[in-house]
Amino acid sequence: MSSVLQKPEIEARVVRKVARRLIPFLGLAYFVNYLDRTNIGLAKLTMSEELGLTETMFGLASGLFFIGYLLFEVPSNLALHRFGARRWIARIMLTWGIIAAAMAFVPNAGSLYTLRMLLGIAEAGFFPGVLLYLTLWFPRAYRVRLMGLFLLALPVSSALGAPLSSAIIQYWDGLFGLSGWRVMFLLEGIPAVVLAVVTWFYLTDRPSQATWLDEDEKVWLTRELESEAAESGSHISGSVRRALTDSRVWMLGLVYFGITYGLYSLSFFLPSIVAGFKKTFDTDFSLVTTGLIVAVPFAVGAVAMVLWSRHSDRTGERIWHVAIPTLIGAVSIPIALYMQSPLTTMIAVTVNAVGVFCALPVFWYLPSTFLTGAGAAAGIAVVNSVGNTSGFGAPYVTGWLFDATGNSRAGLWVVGAVMLVAVVLVLVLRSRVTPTRSVEDVGGEVVAAHR
């Protein structure tokens with residue numbers, strides 16, 4: 001049988017085997033990662049009174065995570081490229097798990113600020129490191145749908161984490177002599193430590209080292225990835241300096257800033273918005289009910305993310321698959337301000353969540369169109385760093401505007417405006433990133449070549 005005919009069979013087999021090995025485990029790690037980063041939003045419902053936090057102080061505590069995160073993002077990703085994903089991701093998870101659990105014992109706002117910044121330093125490099133790691137295992141034509149499956153952990157973390165965290169706060173208050181929110185931090189920090197140990201033994205740095213792949217599978221995957229990395233064009237391969245000075249890297253960072261501005265506003269303040277229904281609509285929800293309501297936009301966003309990323313891979317189109325959902329998110333969040341009931345408000349918020357989550361996996365395909373090697377390690381870290389400055393700005397600005405105006409309207413108008421700027425920027429980038437064929441296009445060419 002010719003190699004032309006063999007390629008589709010081995011291609012499907014290898015991608016399926018690698019996906020089954022890596023995506024569920026990395027998705028679980030990201031689930032725990034995002035939960036430990038954002039569970040402060042639910043802790044706030046009882047923590048603020050105990051520690052004497054204003055909305056602005058809470059916004060500062062939420063955002064300080066990203067100061068340490070941004071300072072160490074690029075060095076951490078370069079270290080992962082040098083020392084290997086297995087060692088470095090395990091190190092990251094161990095340190096963030098210990099610090100996340102230590103937040104259970106903060107005595108005052110100052111200690112909370114310190115641990116949130118240390119948590120950011122410990123966690124720096126995890127997300128862009130995993131993105132870099134995935135580019136070492138999957139051909140480009142498959143990355144969006146598989147990235148979507150990995151990023152599914154993000155909305156699922158909020159959809160499951162919100163009711164879980166609220167239940168711990170409400171029902172386990174007093175366990176170990178601790179307040180409910182302290183018990184939540186302690187119990188939700190432990191899984192990261194456990195996963196750090198598993199990571200050390202489970203992950204494989206590169207396809208050539210994978211004992212769980214057959215020899216022909218290792219050879220095919222290694223050659224396929226090397227062939228893509230060697231493609232001519234405007235790729236930045238191996239050059240950290242070129243990656244750090246390429247305007248496309250910084251523009252992508254600004255696009256990501258706009259998308260994640262909406263994400264972090266939802267993650268940190270949606271519990272407070274739902275709790276605010278009591279004043280606005282004369283409702284009275286328990287902590288657990290609040291957690292279940294908060295979970296709905298993220299659950300719907302999870303389903304939409306998978307379907308949208310698959311559609312992007314089928315069509316091979318990327319830019320509009322980022323721009324359209326981001327635009328929907330930008331328009332829908334201010335609309336939520338003018339709804340007349342909790343139900344219609346949550347429908348608008350859910351549409352915003354769908355927009356944010358649909359844009360994310362397709363967006364993270366774009367850097368791989370021109371970044372490879374050490375250049376990818378630096379460039380992806382820069383994009384993530386610039387984008388995640390929204391993690392400081394969104395909660396702090398939203399909290400400050402809430403204190404200044406007495407409601408969440410001004411803060412959510414800012415969310416819509418920032419996301420709208422991201423739409424403009426991604427369309428400007430349209431001619432500056434290289435599209436890649438869909439999986440169906442690749443298969444069609446193989447069949448045509450055989451004929």
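Me: Which helices each supply at least two residues of the lining of the largest cavity?

Reply: In this predicted model, they are α1 (3-38), α2, α8 (153-171), α12 (247-275) and α14 (287-315). The largest share, five residues, comes from α8. The volume of this cavity is about 130 Å³. Of the 15 lining residues, Thr38, Leu42, Ser158, Ala162 and Ser267 are the closest to its centre.

Me: What makes the span of helix α2 short of that of a straight helix?

Reply: Helix α2 (residues 40-51) has 12 residues, and at 1.5 Å a residue a straight helix would reach 16 Å. The end C-alpha atoms of α2 are only 13 Å apart. Just after α2, glycine 52 takes a positive phi of about 70°.

Me: Why is lysine 44 called buried?

Reply: Buried means under 20% relative accessible area. Lysine 44 has 8%, so lysine 44 is buried. Others in α2 that are buried include Ile40, Gly41 and Leu42.

Me: How do you know that glutamate 55 forms a salt bridge with lysine 44?

Reply: The cut-off is a side-chain nitrogen of Lys or Arg within 4 Å of a carboxyl oxygen of Asp or Glu. Here the closest N and O atoms are 3.1 Å apart, so the pair counts as a salt bridge. Glutamate 55 lies in helix α3 (residues 55-83) and lysine 44 in helix α2, so the pair ties together parts that are 11 residues apart in sequence. Glutamate 55 also counts as buried, at 17% relative accessibility.

Me: What makes the pair of aspartate 216 and arginine 13 a salt bridge?

Reply: The N to O distance is 3.8 Å, which is within 4 Å, so the pair is a salt bridge. The pair links distant parts of the chain: aspartate 216 is in helix α10 (residues 215-229) and arginine 13 in helix α1, 203 residues apart.

Me: Why is aspartate 216 called partly exposed?

Reply: Partly exposed lies between the 20% limit for buried and the 50% limit for exposed. Aspartate 216 has a relative accessible area of 39%, so aspartate 216 is partly exposed. Arginine 13, with 21%, is partly exposed as well.

Me: Why can isoleucine 324 be part of a nonpolar patch on the surface?

Reply: Isoleucine 324, in helix α15, has 37%, so isoleucine 324 passes the area cut-off.

Notes:
Residues are numbered from 1 along each chain as its sequence is written. This is a predicted model: local features need pLDDT of at least 70, side-chain atom pairs count only at pLDDT 80 or more; totals for chains, interfaces and linings use all residues. Side-chain values use heavy atoms; hydrogens and water are left out. Helices (H or I, at least four residues) and strands (E, at least two) are DSSP runs, numbered from the N terminus. Buried means under 20% relative accessible area, exposed over 50%, partly exposed in between (1.4 Å probe, protein chains only). The expected span of a helix is 1.5 Å times one less than its number of residues. On a 1 Å grid over the protein atoms alone, a cavity is a set of points where a 1.4 Å probe fits but cannot get out, and a pocket is an open set with protein on both sides within 12 Å along at least five of seven lines; lining residues have an atom within 4 Å of a point. Grid points are joined across faces, edges and corners, and a volume is the space filled by probe spheres set on the points.
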